[in-house]
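Keep the structure open while reading.

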Amino acid sequence: MSNIVVLVKASLNPEVVRQNPDGTFDIDYTPLKISDVDRNALEEAIRLKQVFGGKVYSVTVLTWGPLKAREKDLRLVVQEALAKVADEAFVVADESIIPGDYSVTANVIASVIKKMGLNPILVLAGEASIDESTYQIPGRVAAKLGLPYVGYVRRIREVRDGRVVVERDLEDYIEVLEVPLPAVLSVTQELNEPRPPTLIQIRMASRKPVHMLTLKDLGLDVKRQRSIVEMRVVTVSRKQVLIEEADVEKAALKLVEYLEKEGVLRL
Amino acid sequence: MSDVIVVSQKPSDAGELIGLARTMGNPVIVAFQDSAERVEELLGYGHRVYRVKSSRPEVLAKAVNILYEEFKPKLILGPNTRNVKDAMSVVAGLHDIHMAPDVVEVRGEVDGVIYKRGFMSERVTITVKVPYPTIILANPRIAEPAPKGGVGELKELSFDFIGVKVVEVKPKELSGINLEAAEVVVGVGRGFKAKDDLRMAFELAKLLGGQVGGTRPIAADLKWLPEDAWIGISGKRIAPKLYIAIGVSGAPQHMSGVAGSKIIVAVNKDKAAPIIKQSDYGVVADLYKFIPTLIEVLKRKRGAPHST
(Lines give C-alpha, C1' and ligand atoms only; values in the text may rest on other atoms or scores of the structure.)
Protein backbone atom coordinates (compact mmCIF):
# COMPACT_ATOMS: atom_id res chain seq x y z
CA MET A 1 0.00 0.00 0.00
CA SER A 2 1.13 3.51 -0.74
CA ASN A 3 -0.27 5.54 2.09
CA ILE A 4 0.47 9.13 2.95
CA VAL A 5 0.84 10.38 6.52
CA VAL A 6 0.35 14.09 7.18
CA LEU A 7 1.51 15.51 10.50
CA VAL A 8 -0.96 18.11 11.72
CA LYS A 9 -0.34 20.22 14.79
CA ALA A 10 -2.79 21.94 17.09
CA SER A 11 -0.62 24.99 17.74
CA LEU A 12 -1.07 27.82 20.17
CA ASN A 13 -2.41 30.73 18.16
CA PRO A 14 0.23 33.50 18.13
CA GLU A 15 -2.40 36.04 17.20
CA VAL A 16 -4.17 35.52 20.52
CA VAL A 17 -1.46 35.73 23.17
CA ARG A 18 -3.01 35.77 26.63
CA GLN A 19 -1.16 37.23 29.56
CA ASN A 20 -1.30 36.67 33.31
CA PRO A 21 -1.40 39.76 35.57
CA ASP A 22 2.30 39.24 36.40
CA GLY A 23 3.32 39.45 32.73
CA THR A 24 3.85 35.73 32.23
CA PHE A 25 2.30 33.93 29.29
CA ASP A 26 -1.05 32.33 30.04
CA ILE A 27 -0.87 29.15 28.01
CA ASP A 28 -4.05 27.67 29.44
CA TYR A 29 -6.22 30.42 27.99
CA THR A 30 -4.43 30.86 24.69
CA PRO A 31 -6.45 28.98 22.05
CA LEU A 32 -5.13 26.32 19.71
CA LYS A 33 -5.53 26.29 15.94
CA ILE A 34 -4.16 24.30 13.04
CA SER A 35 -0.56 25.29 12.31
CA ASP A 36 -0.85 27.26 9.05
CA VAL A 37 1.79 25.51 6.97
CA ASP A 38 0.29 22.10 7.80
CA ARG A 39 -2.54 23.22 5.51
CA ASN A 40 -0.08 23.21 2.62
CA ALA A 41 0.90 19.65 3.49
CA LEU A 42 -2.77 18.61 3.52
CA GLU A 43 -3.43 20.36 0.21
CA GLU A 44 -0.50 18.55 -1.42
CA ALA A 45 -1.75 15.23 -0.05
CA ILE A 46 -4.93 15.65 -2.12
CA ARG A 47 -2.88 15.66 -5.29
CA LEU A 48 -0.48 12.93 -4.19
CA LYS A 49 -3.27 10.64 -3.06
CA GLN A 50 -4.27 10.35 -6.71
CA VAL A 51 -0.72 9.45 -7.65
CA PHE A 52 -0.19 6.83 -4.94
CA GLY A 53 -3.72 5.51 -4.67
CA GLY A 54 -3.45 4.60 -0.97
CA LYS A 55 -4.99 6.15 2.10
CA VAL A 56 -4.17 9.41 3.80
CA TYR A 57 -3.77 9.41 7.58
CA SER A 58 -3.37 12.49 9.75
CA VAL A 59 -1.35 12.25 12.96
CA THR A 60 -1.75 14.83 15.71
CA VAL A 61 -0.04 14.88 19.09
CA LEU A 62 -1.49 17.26 21.66
CA THR A 63 1.36 19.22 23.23
CA TRP A 64 -0.52 21.87 25.19
CA GLY A 65 -2.94 21.43 28.05
CA PRO A 66 -5.02 21.47 30.03
CA LEU A 67 -6.32 18.39 28.29
CA LYS A 68 -9.97 18.89 29.13
CA ALA A 69 -10.03 22.48 27.95
CA ARG A 70 -8.44 21.60 24.60
CA GLU A 71 -11.07 19.18 23.35
CA LYS A 72 -12.92 21.65 21.14
CA ASP A 73 -9.85 23.24 19.56
CA LEU A 74 -8.32 19.83 18.98
CA ARG A 75 -11.50 18.54 17.37
CA LEU A 76 -11.55 21.47 14.93
CA VAL A 77 -7.95 20.81 13.88
CA VAL A 78 -8.57 17.11 13.31
CA GLN A 79 -11.83 17.89 11.50
CA GLU A 80 -10.01 20.13 9.06
CA ALA A 81 -7.52 17.37 8.23
CA LEU A 82 -10.36 14.89 7.71
CA ALA A 83 -12.46 17.34 5.71
CA LYS A 84 -9.55 18.24 3.46
CA VAL A 85 -8.10 14.84 2.65
CA ALA A 86 -7.46 12.40 5.50
CA ASP A 87 -9.35 9.10 5.54
CA GLU A 88 -8.60 8.50 9.19
CA ALA A 89 -7.13 10.59 11.98
CA PHE A 90 -4.82 9.47 14.78
CA VAL A 91 -4.70 11.70 17.83
CA VAL A 92 -2.48 11.24 20.86
CA ALA A 93 -3.74 13.16 23.88
CA ASP A 94 -2.02 12.20 27.11
CA GLU A 95 -1.39 14.25 30.23
CA SER A 96 2.11 12.77 30.60
CA ILE A 97 3.41 14.45 27.41
CA ILE A 98 2.06 17.92 28.16
CA PRO A 99 3.68 20.38 27.75
CA GLY A 100 5.36 18.99 24.67
CA ASP A 101 9.01 18.08 24.39
CA TYR A 102 10.51 17.86 20.91
CA SER A 103 12.15 14.50 21.35
CA VAL A 104 9.06 13.03 23.00
CA THR A 105 6.71 14.36 20.31
CA ALA A 106 8.84 12.87 17.53
CA ASN A 107 9.01 9.51 19.31
CA VAL A 108 5.26 9.47 19.79
CA ILE A 109 4.62 10.31 16.12
CA ALA A 110 7.04 7.62 14.94
CA SER A 111 5.43 5.15 17.30
CA VAL A 112 1.92 5.89 15.95
CA ILE A 113 3.16 5.40 12.39
CA LYS A 114 4.83 2.08 13.24
CA LYS A 115 2.44 0.55 15.73
CA MET A 116 -0.74 1.52 13.92
CA GLY A 117 0.70 0.03 10.73
CA LEU A 118 0.25 3.21 8.69
CA ASN A 119 2.97 2.06 6.33
CA PRO A 120 3.55 5.39 4.56
CA ILE A 121 5.29 5.89 1.25
CA LEU A 122 5.46 9.56 2.19
CA VAL A 123 5.26 11.52 5.44
CA LEU A 124 4.40 15.19 4.91
CA ALA A 125 4.65 17.94 7.52
CA GLY A 126 4.75 21.71 7.66
CA GLU A 127 8.31 23.07 7.93
CA ALA A 128 7.59 24.42 11.43
CA SER A 129 4.70 25.04 13.76
CA ILE A 130 3.37 28.55 14.29
CA ASP A 131 3.83 28.47 18.06
CA GLU A 132 7.33 27.11 18.67
CA SER A 133 8.81 27.45 15.16
CA THR A 134 11.68 25.08 15.84
CA TYR A 135 11.74 23.33 12.43
CA GLN A 136 12.78 20.01 13.92
CA ILE A 137 9.93 17.52 14.25
CA PRO A 138 9.98 16.26 10.61
CA GLY A 139 13.75 15.62 10.69
CA ARG A 140 13.49 13.83 14.02
CA VAL A 141 10.61 11.67 12.82
CA ALA A 142 12.66 10.69 9.75
CA ALA A 143 15.59 9.73 11.98
CA LYS A 144 13.27 7.65 14.20
CA LEU A 145 11.78 5.87 11.20
CA GLY A 146 15.14 5.47 9.47
CA LEU A 147 13.86 7.22 6.35
CA PRO A 148 15.48 9.82 4.09
CA TYR A 149 14.47 13.37 4.99
CA VAL A 150 14.26 16.53 2.90
CA GLY A 151 13.22 19.78 4.53
CA TYR A 152 11.92 23.10 3.19
CA VAL A 153 10.28 21.56 0.13
CA ARG A 154 8.68 24.28 -1.88
CA ARG A 155 7.67 22.26 -4.89
CA ILE A 156 6.94 18.61 -5.56
CA ARG A 157 7.62 18.18 -9.24
CA GLU A 158 6.85 14.55 -9.94
CA VAL A 159 6.83 11.01 -8.68
CA ARG A 160 8.64 8.46 -10.83
CA ASP A 161 10.25 5.05 -10.40
CA GLY A 162 9.89 4.96 -6.64
CA ARG A 163 11.35 8.43 -6.30
CA VAL A 164 9.94 11.88 -5.75
CA VAL A 165 11.51 14.92 -7.40
CA VAL A 166 11.36 18.01 -5.20
CA GLU A 167 12.76 21.53 -4.95
CA ARG A 168 14.10 22.49 -1.58
CA ASP A 169 14.74 25.98 -0.37
CA LEU A 170 18.05 26.23 1.50
CA GLU A 171 19.88 29.21 2.95
CA ASP A 172 21.52 30.50 -0.22
CA TYR A 173 20.33 28.25 -2.99
CA ILE A 174 17.57 26.02 -4.23
CA GLU A 175 18.21 22.37 -4.96
CA VAL A 176 16.30 20.00 -7.16
CA LEU A 177 16.51 16.56 -5.58
CA GLU A 178 15.51 13.02 -6.32
CA VAL A 179 14.42 11.39 -3.10
CA PRO A 180 14.01 7.61 -2.82
CA LEU A 181 10.67 6.55 -1.31
CA PRO A 182 9.54 6.08 1.38
CA ALA A 183 10.67 9.45 2.72
CA VAL A 184 9.77 12.32 5.05
CA LEU A 185 9.32 15.80 3.57
CA SER A 186 8.77 19.11 5.35
CA VAL A 187 7.03 21.70 3.20
CA THR A 188 6.92 25.50 2.98
CA GLN A 189 4.03 27.84 2.28
CA GLU A 190 5.18 28.35 -1.31
CA LEU A 191 4.21 24.78 -2.12
CA ASN A 192 0.60 25.48 -3.05
CA GLU A 193 -2.46 27.57 -2.28
CA PRO A 194 -4.49 25.72 0.36
CA ARG A 195 -8.24 25.87 -0.21
CA PRO A 196 -10.62 25.81 2.74
CA PRO A 197 -12.69 22.64 2.93
CA THR A 198 -16.19 22.83 1.48
CA LEU A 199 -19.33 22.39 3.56
CA ILE A 200 -19.90 18.96 2.05
CA GLN A 201 -16.34 17.95 2.93
CA ILE A 202 -16.84 19.16 6.48
CA ARG A 203 -20.07 17.18 6.78
CA MET A 204 -18.39 14.06 5.39
CA ALA A 205 -15.54 14.46 7.86
CA SER A 206 -17.76 13.72 10.82
CA ARG A 207 -18.26 10.18 9.52
CA LYS A 208 -14.57 9.40 9.25
CA PRO A 209 -12.79 7.48 12.04
CA VAL A 210 -10.79 9.36 14.68
CA HIS A 211 -8.52 7.13 16.75
CA MET A 212 -7.83 8.62 20.16
CA LEU A 213 -4.66 7.18 21.67
CA THR A 214 -2.71 7.40 24.91
CA LEU A 215 0.89 6.38 25.57
CA LYS A 216 -0.45 3.21 27.13
CA ASP A 217 -2.10 2.29 23.83
CA LEU A 218 1.25 2.75 22.15
CA GLY A 219 3.13 0.91 24.87
CA LEU A 220 5.48 3.85 24.98
CA ASP A 221 7.58 5.14 27.80
CA VAL A 222 9.09 8.59 27.29
CA LYS A 223 11.59 10.77 29.01
CA ARG A 224 11.06 14.48 28.86
CA GLN A 225 14.13 16.69 28.58
CA ARG A 226 13.08 20.28 28.84
CA SER A 227 11.74 22.02 31.87
CA ILE A 228 10.21 25.38 31.17
CA VAL A 229 11.61 27.92 33.59
CA GLU A 230 9.55 30.90 32.50
CA MET A 231 7.44 32.27 29.66
CA ARG A 232 7.11 36.00 29.49
CA VAL A 233 4.94 38.10 27.16
CA VAL A 234 7.03 40.67 25.30
CA THR A 235 5.51 44.04 25.94
CA VAL A 236 5.70 46.22 22.86
CA SER A 237 4.99 49.75 23.76
CA ARG A 238 4.28 51.30 20.39
CA LYS A 239 2.79 54.78 20.49
CA GLN A 240 -0.22 53.89 18.34
CA VAL A 241 -0.80 57.42 17.10
CA LEU A 242 -3.52 57.36 14.46
CA ILE A 243 -3.27 59.70 11.48
CA GLU A 244 -6.63 59.85 9.79
CA GLU A 245 -7.19 62.78 7.46
CA ALA A 246 -9.53 63.18 4.51
CA ASP A 247 -6.80 65.23 2.86
CA VAL A 248 -3.72 63.09 2.11
CA GLU A 249 -1.45 66.12 1.98
CA LYS A 250 -2.46 66.98 5.52
CA ALA A 251 -1.79 63.40 6.59
CA ALA A 252 1.65 63.44 4.94
CA LEU A 253 2.59 66.73 6.59
CA LYS A 254 1.47 65.42 9.96
CA LEU A 255 3.52 62.24 9.59
CA VAL A 256 6.62 64.14 8.53
CA GLU A 257 6.25 66.42 11.54
CA TYR A 258 6.05 63.45 13.89
CA LEU A 259 9.04 61.75 12.31
CA GLU A 260 11.12 64.91 12.55
CA LYS A 261 10.31 65.12 16.24
CA GLU A 262 11.40 61.51 16.65
CA GLY A 263 14.69 62.38 14.97
CA VAL A 264 14.42 59.54 12.47
CA LEU A 265 14.12 61.62 9.32
CA ARG A 266 17.32 62.36 7.48
CA LEU A 267 16.82 64.02 4.14
CA MET B 1 39.33 16.13 25.25
CA SER B 2 36.92 18.22 23.23
CA ASP B 3 33.39 18.36 24.52
CA VAL B 4 31.77 21.05 22.37
CA ILE B 5 31.25 20.74 18.61
CA VAL B 6 30.99 24.09 16.86
CA VAL B 7 29.36 24.02 13.44
CA SER B 8 30.36 26.97 11.28
CA GLN B 9 28.62 27.84 8.03
CA LYS B 10 29.77 31.36 7.29
CA PRO B 11 32.85 33.40 8.13
CA SER B 12 30.70 35.76 10.19
CA ASP B 13 29.35 33.13 12.57
CA ALA B 14 32.53 31.39 13.73
CA GLY B 15 34.03 33.98 16.10
CA GLU B 16 30.99 34.36 18.31
CA LEU B 17 30.19 30.65 18.40
CA ILE B 18 33.76 29.78 19.33
CA GLY B 19 33.66 32.52 21.95
CA LEU B 20 30.52 30.97 23.39
CA ALA B 21 31.92 27.45 23.16
CA ARG B 22 34.98 28.42 25.16
CA THR B 23 32.82 29.64 28.04
CA MET B 24 31.14 26.24 28.13
CA GLY B 25 33.84 23.72 27.33
CA ASN B 26 36.60 22.73 24.99
CA PRO B 27 35.66 23.19 21.32
CA VAL B 28 36.38 21.47 18.03
CA ILE B 29 35.09 23.03 14.84
CA VAL B 30 33.18 21.56 11.93
CA ALA B 31 33.27 23.83 8.91
CA PHE B 32 31.74 23.22 5.56
CA GLN B 33 31.75 24.49 2.02
CA ASP B 34 34.96 26.31 2.67
CA SER B 35 37.68 28.03 0.76
CA ALA B 36 41.31 27.50 1.73
CA GLU B 37 41.57 31.05 3.14
CA ARG B 38 38.57 30.51 5.30
CA VAL B 39 39.92 27.26 6.70
CA GLU B 40 43.20 29.08 7.37
CA GLU B 41 41.25 31.72 9.27
CA LEU B 42 39.38 29.14 11.32
CA LEU B 43 42.61 27.33 12.19
CA GLY B 44 43.78 30.64 13.64
CA TYR B 45 41.52 30.07 16.64
CA GLY B 46 43.79 27.21 17.67
CA HIS B 47 41.19 24.44 17.65
CA ARG B 48 41.01 21.37 15.49
CA VAL B 49 38.96 21.94 12.34
CA TYR B 50 37.10 19.23 10.45
CA ARG B 51 36.27 20.23 6.93
CA VAL B 52 33.23 18.93 5.07
CA LYS B 53 33.06 19.74 1.39
CA SER B 54 29.33 20.20 1.08
CA SER B 55 26.74 22.38 2.70
CA ARG B 56 23.89 19.97 2.02
CA PRO B 57 21.99 19.20 5.22
CA GLU B 58 22.15 15.40 4.87
CA VAL B 59 25.92 15.50 4.38
CA LEU B 60 26.37 17.86 7.29
CA ALA B 61 24.13 15.68 9.47
CA LYS B 62 26.25 12.66 8.71
CA ALA B 63 29.49 14.54 9.38
CA VAL B 64 28.33 15.89 12.72
CA ASN B 65 26.98 12.49 13.61
CA ILE B 66 30.37 10.88 13.02
CA LEU B 67 32.00 13.44 15.29
CA TYR B 68 29.23 13.13 17.84
CA GLU B 69 29.95 9.45 18.16
CA GLU B 70 33.68 10.04 18.36
CA PHE B 71 33.68 12.85 20.92
CA LYS B 72 30.45 12.21 22.83
CA PRO B 73 30.23 16.00 23.36
CA LYS B 74 27.96 17.65 25.87
CA LEU B 75 27.08 20.40 23.42
CA ILE B 76 26.71 21.10 19.71
CA LEU B 77 26.68 24.81 18.88
CA GLY B 78 25.76 26.18 15.48
CA PRO B 79 24.32 29.15 13.62
CA ASN B 80 20.58 29.36 13.12
CA THR B 81 20.61 28.84 9.35
CA ARG B 82 18.27 26.70 7.29
CA ASN B 83 20.99 24.20 6.36
CA VAL B 84 22.24 23.76 9.89
CA LYS B 85 18.77 23.62 11.48
CA ASP B 86 17.71 20.96 9.03
CA ALA B 87 20.83 18.86 9.54
CA MET B 88 20.78 19.14 13.31
CA SER B 89 17.13 18.07 13.55
CA VAL B 90 18.21 14.69 12.19
CA VAL B 91 21.18 14.44 14.58
CA ALA B 92 18.87 15.37 17.46
CA GLY B 93 16.46 12.63 16.38
CA LEU B 94 19.17 9.99 16.02
CA HIS B 95 20.38 10.52 19.58
CA ASP B 96 17.16 11.74 21.20
CA ILE B 97 18.78 14.89 22.42
CA HIS B 98 17.22 18.32 22.83
CA MET B 99 17.66 20.94 20.12
CA ALA B 100 16.94 24.66 20.47
CA PRO B 101 17.07 26.94 17.42
CA ASP B 102 16.84 30.78 17.47
CA VAL B 103 18.54 31.01 20.83
CA VAL B 104 19.23 34.56 22.04
CA GLU B 105 20.80 33.78 25.42
CA VAL B 106 22.46 30.68 26.80
CA ARG B 107 24.37 29.78 29.93
CA GLY B 108 26.09 26.55 30.89
CA GLU B 109 25.43 24.96 34.27
CA VAL B 110 26.93 21.87 35.87
CA ASP B 111 24.19 19.52 34.71
CA GLY B 112 22.83 21.27 31.62
CA VAL B 113 22.11 24.60 29.97
CA ILE B 114 19.56 27.32 30.45
CA TYR B 115 18.59 29.17 27.31
CA LYS B 116 16.13 31.77 26.10
CA ARG B 117 14.39 32.04 22.74
CA GLY B 118 11.41 33.69 21.11
CA PHE B 119 8.12 31.86 20.98
CA MET B 120 4.68 32.64 19.54
CA SER B 121 6.11 34.73 16.67
CA GLU B 122 8.42 36.51 19.14
CA ARG B 123 5.51 37.75 21.22
CA VAL B 124 6.61 35.57 24.13
CA THR B 125 10.08 34.64 25.38
CA ILE B 126 10.59 31.19 26.79
CA THR B 127 13.38 30.23 29.18
CA VAL B 128 14.18 26.54 29.27
CA LYS B 129 16.49 24.24 31.17
CA VAL B 130 17.73 21.06 29.50
CA PRO B 131 20.30 18.46 30.52
CA TYR B 132 23.48 17.73 28.56
CA PRO B 133 23.96 16.70 25.82
CA THR B 134 22.06 19.26 23.78
CA ILE B 135 22.12 21.24 20.53
CA ILE B 136 21.98 25.03 20.62
CA LEU B 137 21.57 27.05 17.41
CA ALA B 138 22.28 30.65 18.20
CA ASN B 139 21.21 33.94 16.68
CA PRO B 140 23.89 36.54 15.90
CA ARG B 141 25.32 38.49 18.85
CA ILE B 142 25.08 35.52 21.22
CA ALA B 143 28.55 36.13 22.66
CA GLU B 144 31.73 38.17 22.32
CA PRO B 145 33.83 36.89 19.42
CA ALA B 146 36.70 34.69 20.53
CA PRO B 147 40.21 36.12 20.29
CA LYS B 148 42.45 34.28 17.84
CA GLY B 149 45.63 32.51 18.81
CA GLY B 150 47.48 29.30 18.10
CA VAL B 151 47.32 27.08 15.07
CA GLY B 152 44.70 24.39 14.87
CA GLU B 153 44.96 21.07 13.14
CA LEU B 154 43.03 20.42 9.91
CA LYS B 155 41.23 17.17 9.23
CA GLU B 156 39.27 16.33 6.12
CA LEU B 157 36.02 14.54 6.72
CA SER B 158 34.88 12.51 3.77
CA PHE B 159 32.53 9.59 3.46
CA ASP B 160 30.19 8.03 0.99
CA PHE B 161 26.76 9.41 0.88
CA ILE B 162 23.85 7.54 -0.60
CA GLY B 163 20.18 8.38 -0.63
CA VAL B 164 19.04 11.78 -1.76
CA LYS B 165 20.42 12.70 -5.18
CA VAL B 166 21.00 16.26 -6.35
CA VAL B 167 19.67 16.89 -9.85
CA GLU B 168 20.27 20.61 -10.05
CA VAL B 169 21.39 23.54 -7.89
CA LYS B 170 19.90 26.95 -8.57
CA PRO B 171 21.35 30.02 -6.91
CA LYS B 172 18.72 32.27 -5.40
CA GLU B 173 18.14 35.60 -7.00
CA LEU B 174 19.56 37.89 -4.38
CA SER B 175 19.75 41.65 -4.28
CA GLY B 176 22.85 41.74 -2.13
CA ILE B 177 21.34 44.49 0.00
CA ASN B 178 21.86 44.26 3.71
CA LEU B 179 18.47 44.94 5.25
CA GLU B 180 19.73 44.06 8.71
CA ALA B 181 22.12 46.99 8.64
CA ALA B 182 19.78 49.57 7.04
CA GLU B 183 18.76 52.58 9.14
CA VAL B 184 15.55 53.09 7.20
CA VAL B 185 13.52 50.27 5.70
CA VAL B 186 10.41 50.61 3.57
CA GLY B 187 8.37 47.40 3.72
CA VAL B 188 5.84 46.49 1.06
CA GLY B 189 2.88 44.15 1.36
CA ARG B 190 -0.10 42.90 -0.56
CA GLY B 191 -1.67 46.35 -0.57
CA PHE B 192 0.36 46.90 -3.74
CA LYS B 193 -1.59 45.71 -6.74
CA ALA B 194 1.22 45.31 -9.26
CA LYS B 195 4.98 44.85 -9.27
CA ASP B 196 5.40 48.10 -11.16
CA ASP B 197 3.78 50.01 -8.35
CA LEU B 198 6.69 49.13 -6.06
CA ARG B 199 8.52 52.00 -7.77
CA MET B 200 6.84 54.30 -5.27
CA ALA B 201 8.37 52.36 -2.39
CA PHE B 202 11.81 52.48 -3.99
CA GLU B 203 11.52 56.21 -4.59
CA LEU B 204 10.51 56.77 -0.97
CA ALA B 205 13.35 54.58 0.29
CA LYS B 206 15.87 56.42 -1.87
CA LEU B 207 14.66 59.76 -0.60
CA LEU B 208 15.09 58.59 3.01
CA GLY B 209 18.41 56.84 2.42
CA GLY B 210 16.85 53.45 3.05
CA GLN B 211 16.23 50.03 1.56
CA VAL B 212 13.13 48.18 0.42
CA GLY B 213 12.00 44.87 1.85
CA GLY B 214 8.74 42.97 1.71
CA THR B 215 6.40 40.47 3.28
CA ARG B 216 6.43 36.77 2.50
CA PRO B 217 3.78 36.97 -0.28
CA ILE B 218 5.70 39.75 -2.04
CA ALA B 219 9.21 38.25 -1.82
CA ALA B 220 8.67 34.51 -1.64
CA ASP B 221 5.38 33.88 -3.44
CA LEU B 222 4.98 36.63 -6.05
CA LYS B 223 8.74 37.17 -6.31
CA TRP B 224 8.30 40.90 -6.86
CA LEU B 225 11.40 41.34 -4.71
CA PRO B 226 14.50 39.16 -4.37
CA GLU B 227 14.37 36.59 -1.59
CA ASP B 228 16.87 38.33 0.63
CA ALA B 229 14.43 41.25 0.83
CA TRP B 230 11.90 39.07 2.63
CA ILE B 231 11.23 40.40 6.13
CA GLY B 232 9.75 38.10 8.75
CA ILE B 233 10.28 35.14 10.99
CA SER B 234 11.52 32.91 8.15
CA GLY B 235 13.17 35.79 6.30
CA LYS B 236 15.25 38.71 7.57
CA ARG B 237 14.94 40.23 11.02
CA ILE B 238 15.56 43.94 10.87
CA ALA B 239 16.21 46.65 13.41
CA PRO B 240 16.19 50.02 11.62
CA LYS B 241 15.59 53.42 13.19
CA LEU B 242 12.56 53.81 10.96
CA TYR B 243 10.41 51.11 9.43
CA ILE B 244 7.62 52.22 7.09
CA ALA B 245 5.20 49.40 6.32
CA ILE B 246 3.08 50.13 3.26
CA GLY B 247 0.07 47.98 2.49
CA VAL B 248 1.26 45.43 5.06
CA SER B 249 -1.48 43.79 7.11
CA GLY B 250 0.72 42.94 10.09
CA ALA B 251 0.69 39.14 10.32
CA PRO B 252 2.64 37.96 13.40
CA GLN B 253 5.20 36.20 11.18
CA HIS B 254 6.03 39.55 9.61
CA MET B 255 5.85 41.65 12.76
CA SER B 256 8.29 39.39 14.58
CA GLY B 257 10.84 40.29 11.91
CA VAL B 258 10.49 44.03 12.56
CA ALA B 259 10.16 43.95 16.35
CA GLY B 260 13.59 45.55 16.74
CA SER B 261 12.63 48.72 14.83
CA LYS B 262 12.83 51.98 16.77
CA ILE B 263 9.85 53.63 15.07
CA ILE B 264 7.23 51.79 13.03
CA VAL B 265 4.97 53.65 10.60
CA ALA B 266 2.08 51.83 8.99
CA VAL B 267 0.23 53.03 5.92
CA ASN B 268 -2.95 51.07 5.42
CA LYS B 269 -6.39 51.93 4.11
CA ASP B 270 -7.95 49.54 6.61
CA LYS B 271 -8.09 51.06 10.06
CA ALA B 272 -8.74 47.58 11.51
CA ALA B 273 -5.56 46.05 10.02
CA PRO B 274 -3.53 44.48 12.85
CA ILE B 275 -0.46 46.52 11.95
CA ILE B 276 -2.13 49.79 12.92
CA LYS B 277 -2.13 48.76 16.59
CA GLN B 278 1.45 47.57 16.37
CA SER B 279 2.86 50.79 14.98
CA ASP B 280 3.92 54.12 16.42
CA TYR B 281 2.24 56.07 13.66
CA GLY B 282 -0.62 54.54 11.75
CA VAL B 283 -1.71 56.40 8.63
CA VAL B 284 -5.17 55.35 7.49
CA ALA B 285 -5.07 56.11 3.77
CA ASP B 286 -5.00 54.66 0.29
CA LEU B 287 -1.32 54.05 -0.38
CA TYR B 288 -1.76 54.96 -4.03
CA LYS B 289 -2.75 58.48 -2.99
CA PHE B 290 -0.71 58.81 0.17
CA ILE B 291 2.75 57.64 -0.91
CA PRO B 292 3.08 59.97 -3.95
CA THR B 293 1.93 62.84 -1.75
CA LEU B 294 4.40 61.90 0.98
CA ILE B 295 7.18 61.80 -1.61
CA GLU B 296 6.16 65.28 -2.81
CA VAL B 297 6.11 66.64 0.74
CA LEU B 298 9.54 65.15 1.49
CA LYS B 299 10.99 66.53 -1.73
CA ARG B 300 9.66 69.97 -0.94
CA LYS B 301 11.06 69.69 2.54
CA ARG B 302 14.46 68.67 1.24
CA GLY B 303 14.42 71.48 -1.27
CA ALA B 304 13.16 74.02 1.24
CA PRO B 305 16.41 75.29 2.80
CA HIS B 306 17.71 76.16 -0.68
CA SER B 307 14.58 77.58 -2.25
CA THR B 308 13.72 79.98 0.55
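Predicted model: local features only at pLDDT ≥ 70, side-chain atom pairs only at ≥ 80, totals over all residues.

Asp96(B) sits in the loop between H4 and strand S5 (98-108) of chain B. Its phi is near 50 degrees, a positive value in a residue other than glycine. Most residues other than glycine have a negative phi. Is Asp96(B) buried or partly exposed? Asp96(B) counts as partly exposed, because 17 C-beta neighbours lie inside 10 Å, and a residue needs 20 or more to be called buried.

Glu122(B) also has a positive phi, in this case near 65 degrees. This residue is found in the loop between strand S6 (112-119) and S7 of chain B. Glu122(B) has 24 C-beta neighbours inside 10 Å and therefore counts as buried.

Most peptide bonds are trans. In chain B, the bond from Tyr132(B) to Pro133(B) is cis, with omega near -10 degrees. Pro133(B) belongs to the loop between strand S7 (124-131) and strand S8 (134-138) of chain B. In chain A, a cis peptide bond joins Gly65(A) and Pro66(A), with an omega of about -5 degrees. Pro66(A) lies in the loop between strand S4 (56-61) and helix H2 (71-84) of chain A.

Next come the strands of chain B. Strand S3 (residues 49-52) of chain B has Val49(B) and Arg51(B) pointing one way and Tyr50(B) and Val52(B) pointing the other way. All of these residues are buried, Arg51(B) included. Which strands pair with S3(B)? Strand S2 (residues 27-32) of chain B runs parallel to S3(B) and is joined to it by four bridges; here Ala31(B) stands opposite Arg51(B). Strand S9 (residues 154-156) of chain B also runs parallel to S3(B), with three bridges between them. In that pairing, Val49(B) is opposite Leu154(B).

Six strands form an open sheet in the order S13(A)-S15(B)-S14(B)-S13(B)-S11(B)-S12(B), and the pairing is parallel. S13 of chain A and strand S12 (211-214) of chain B stand at the edges; each has a single partner strand, so one side of each is left without a neighbour in the sheet. Neighbouring strands of this sheet are turned against each other by 20 degrees on average, direction ignored.

Within this sheet, strand S13 (residues 242-246) of chain B and strand S14 (residues 263-268) of chain B pair in the parallel sense over five bridges. Leu242(B) is opposite Ile263(B) in S14(B). Helix H5 (residues 199-207) of chain B lies across strand S11 (184-188), S12 and S13 of chain B. This helix runs at about 170 degrees to S11(B).

Where do the two chains meet in the sheet? Strand S13 (residues 241-243) of chain A is joined by three bridges to strand S15 (residues 281-284) of chain B, and the two run parallel. Leu242(A) stands opposite Gly282(B) in S15(B).

The chains can now be taken one at a time. Chain A has seven helices and 13 strands, and its C-alpha trace spans about 70 × 45 × 40 Å along its principal axes. Of its 267 residues, 48% are buried. Among the contacts in chain A with a separation of 6 or more, 73% are between residues 24 or more positions apart. Chain A is divided into domain 1 (3-218) and domain 2 (237-267), and the C-alpha centres of these domains lie 44 Å apart.

Chain B has nine helices and 15 strands. Its C-alpha atoms fill a box of roughly 70 × 40 × 40 Å along the principal axes. Buried residues make up 53% of the 308 residues in chain B. Of the contacts in chain B between residues at least 6 apart in sequence, 58% join residues at least 24 apart.

Note on methods:
Residues numbered from 1 in each chain as written. Chains lettered and ligands numbered in written order. Pairing = 2+ DSSP bridges. Domains from an automatic or database assignment. Buried ≥ 20, exposed ≤ 12 C-beta atoms within 10 Å, placed from the backbone. Contact = placed C-beta atoms within 7 Å. Axes fitted to C-alpha atoms, helices over the stretch in contact; angles between N-to-C directions.
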